[in-house]
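This report describes one protein chain for a reader who has not seen it before. The sequence and the structure come first.

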Amino acid sequence: MRPRLTVLAALATGIGIGLAGCGQQPPVSPQARQGGQADTSSQIDPAARWADGYCGAVTHLVRTLSNLPTIDPTSPQQASLTSSRLLTSVVGGIDETVAGLDRLGPPPLAGDEQARGELLHDFASVRQRADDVRQRIDSARDTAATRAALGDARSTLDEVGQLDLLKALDATPELSAAGKRAPGCQQLVVPPAPQ
């Protein structure tokens, strides 16, 4: 049985919003990995090179989620202000990831573009909800409206946490195998714990 890969980002709640760190290691350059020698496998393997770029783009969102600002629940005003900052960070992380995926372009293997397109659609949908909730938080003028917006913020962050960031890599066996050969993807995935 092939080990299933899982993304290292998990959302947690304080007053309803926050993030547990993902324990990601800092990126290691291919030269450092090879003791100063360039990694030629991705240069001659277009699928692995694409997978490496894909994982690099997705890493923007994972890093954003692991470094989200904390929510200050000391008052409704502080909760609103810090929640707005958190949602702004989420939107920025999604924007960076989408820009990276756009620069990367479609996968080199025929028929693999559908999963990438679905992921981009998922990102756009969650990004729009996060931005809408942020605007509602910023414009809330009473406690009831603030609480409702904060509840929606929590739901939106749950949606971000449920995004299948490796969807395009897991779309076909060829890209899944390419992801295993791509050094940048190893920072995003871990095998599940033995049962």
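## The disulfide

Cys-55 and Cys-185 are both buried, where buried means under 20% relative accessible area, exposed over 50% and partly exposed in between, with a 1.4 Å probe and protein chains only. The model is a predicted one, in which local features need pLDDT of at least 70, side-chain atom pairs count only at pLDDT 80 or more, and totals for chains, interfaces and linings use all residues. Residues are numbered from 1 along each chain as its sequence is written, and side-chain values use heavy atoms, with hydrogens and water left out.

The sulfur atoms of Cys-55 and Cys-185 lie 2.0 Å apart and form a disulfide, defined as a pair of cysteine sulfur atoms within 2.5 Å. The pair joins distant parts of the chain, 130 residues apart: Cys-55 is in helix H3 (residues 46–66), and Cys-185 is in the loop between helix H7 (173–181) and strand E4 (189–190). The link of Cys-55 and Cys-185 is right-handed, with 95° about the S-S bond. The count for this model is 1 disulfide. In general, a disulfide is a covalent bond between the sulfur atoms of two cysteines.

## Helix H3

H3 has 21 residues and spans 30 Å from its first C-alpha to its last, close to the 30 Å expected at 1.5 Å a residue. The expected span is 1.5 Å times one less than the number of residues. At Val-58, H3 bends by about 25°, the bend being the angle between axes fitted to the seven residues ending there and the seven starting there.

Phe-123 belongs to helix H5 (residues 113–139). With a relative accessible area of 0%, Phe-123 is buried. Beyond four places in sequence, its contacts (heavy atoms within 4.5 Å) include Leu-61, Ile-94 and Leu-165. Phe-123 and Glu-159 are 36 residues apart in sequence, and their C-alpha atoms are 10.0 Å apart.

Thr-156 sits in helix H6 (residues 143–162). Thr-156 counts as buried because its relative accessibility is 3%. Leaving out residues up to four places away, Thr-156 touches Val-126, Arg-129, Ala-130 and Val-133.

## The chain as a whole

The chain has 7 helices and 4 strands; these are DSSP runs numbered from the N terminus, helices being H or I with at least four residues and strands E with at least two. Their order along the sequence is β-β-β-α-α-α-α-α-α-α-β.

Of the 195 residues in the chain, 39% are buried. Among contacts with a separation of 6 or more, 73% are between residues 24 or more positions apart.
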